[in-house]
Amino acid sequence: MFFLKELEKELSIQPRDLGPNLRHRIKERLASEVEGKSLGSYGYIIKVANIPDKAMSKGRLEDATGEVQYKIKFVAIVFRPFKEEVIDAVVGVCNELGFFCHAGPLEIFVSHRTMPEDMQNYNHETSRWVDDDKKMEIAAGSGVRVKIMNLRIDANKIFAVGTIKDNYLGLIEFEFPSDAVE
């Protein structure tokens with residue numbers, strides 16, 4: 001799920017950023033460019049953890065623009081989901097086909113066909129999935145434990161299809177912050 005990954009990136013630094021705080025400016029610029037981005041099969045970069053001291057190449061001056069090109073090796077914390085992994089997520093949208101939930105940047109679709117047999121009642125008025133006993137409801141903002149059945153990895157996004165039709169999966173009881181629901 002979470003890994004430390006050594007990566008490399010080439011950055012162009014403006015002449016105004018050159019000076020005694022160059023290393024700090026490079027770290028800020030690197031973080032703003034890569035954090036929150038998907039690297040396809042590597043996963044999502046959560047945070048730049050470290051830039052080792054000798055990880056920056058000597059700058060190469062671009063004659064036309066005055067910018068300095070640096071190759072930077074860095075260590076990042078990446079989020080990479082795998083097939084068959086169990087993950088906690090927040091339900092975003094419910095519809096008659098199932099529901100979409102989010103675990104950080106990962107979007108997971110759970111079809112009504114991959115829900116337990118007693119959870120096949122969709123309430124159109126309240127946009128909720130309700131069990132036969134009407135004791136459990138899955139709605140926007142609910143916490144769910146989902147098993148990833150399949151992944152599709154694009155260049156900029158990772159999509160997943162999940163199930164709650166297994167032991168210890170489904171609705172979980174803990175509160176999410178109100179800003180976690182999209």
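**Entry 1: Ile46**

I looked up Ile46 and found it partly exposed, because its relative accessibility is 36%. I note that the model is predicted. Next I asked which strand holds Ile46. Ile46 lies in strand β2, which covers residues 44–50.

**Entry 2: Glu84**

I turned to backbone angles. Glu84 has a phi near 75°. That is a positive value, and Glu84 is a residue other than glycine. Where does Glu84 sit? I traced Glu84 to the loop between β4 (68–79) and β5 (86–95). Is Glu84 buried, partly exposed or exposed? Its relative accessible area is 48%, so I wrote down Glu84 as partly exposed. The cut-off for exposed is over 50%.

**Entry 3: Lys134**

I looked up another positive phi. Lys134, also a residue other than glycine, has a phi near 60°. I found Lys134 in the loop between β9 (128–130) and β10 (137–138). Lys134 counts as exposed, because its relative accessibility is 64%.

**Entry 4: Aromatic pairs**

How many aromatic pairs does the structure hold? I noted four. One of them joins Phe100 and Phe109. Their ring centres are 4.9 Å apart, with 50° between the planes, and the pair is tilted. Phe100 has 28% relative accessibility, so it counts as partly exposed.

I then looked up the pair of Tyr122 and Trp129. This pair is tilted as well, with 5.1 Å from centre to centre and 50° between the planes. Why is the pair called tilted? Planes under 30 degrees apart would count as stacked and over 60 as edge-to-face, so the rest are tilted.

Are the two partners buried or exposed? Tyr122 counts as buried, because its relative accessibility is 17%. Trp129 is buried too, with a relative accessibility of 2%. I used the cut-off for buried here, which is under 20%.

**Entry 5: Arg80 and Phe82**

Last, I looked for a charge over a ring. Which ring does the charged end of Arg80 sit over? I found the ring of Phe82 under the charged end of Arg80. The distance to the ring centre is 4.7 Å.

Technical notes:
Residues are numbered from 1 along each chain as its sequence is written. This is a predicted model: local features need pLDDT of at least 70, side-chain atom pairs count only at pLDDT 80 or more; totals for chains, interfaces and linings use all residues. Side-chain values use heavy atoms; hydrogens and water are left out. Helices (H or I, at least four residues) and strands (E, at least two) are DSSP runs, numbered from the N terminus. Buried means under 20% relative accessible area, exposed over 50%, partly exposed in between (1.4 Å probe, protein chains only). Rings of Phe, Tyr and Trp (its six-membered ring) pair if their centres lie within 6.5 Å; planes under 30 degrees apart count as stacked, over 60 as edge-to-face and the rest as tilted. A charge sits over a ring if NZ of Lys or CZ of Arg is within 6 Å of the ring centre and within 35 degrees of the ring normal.
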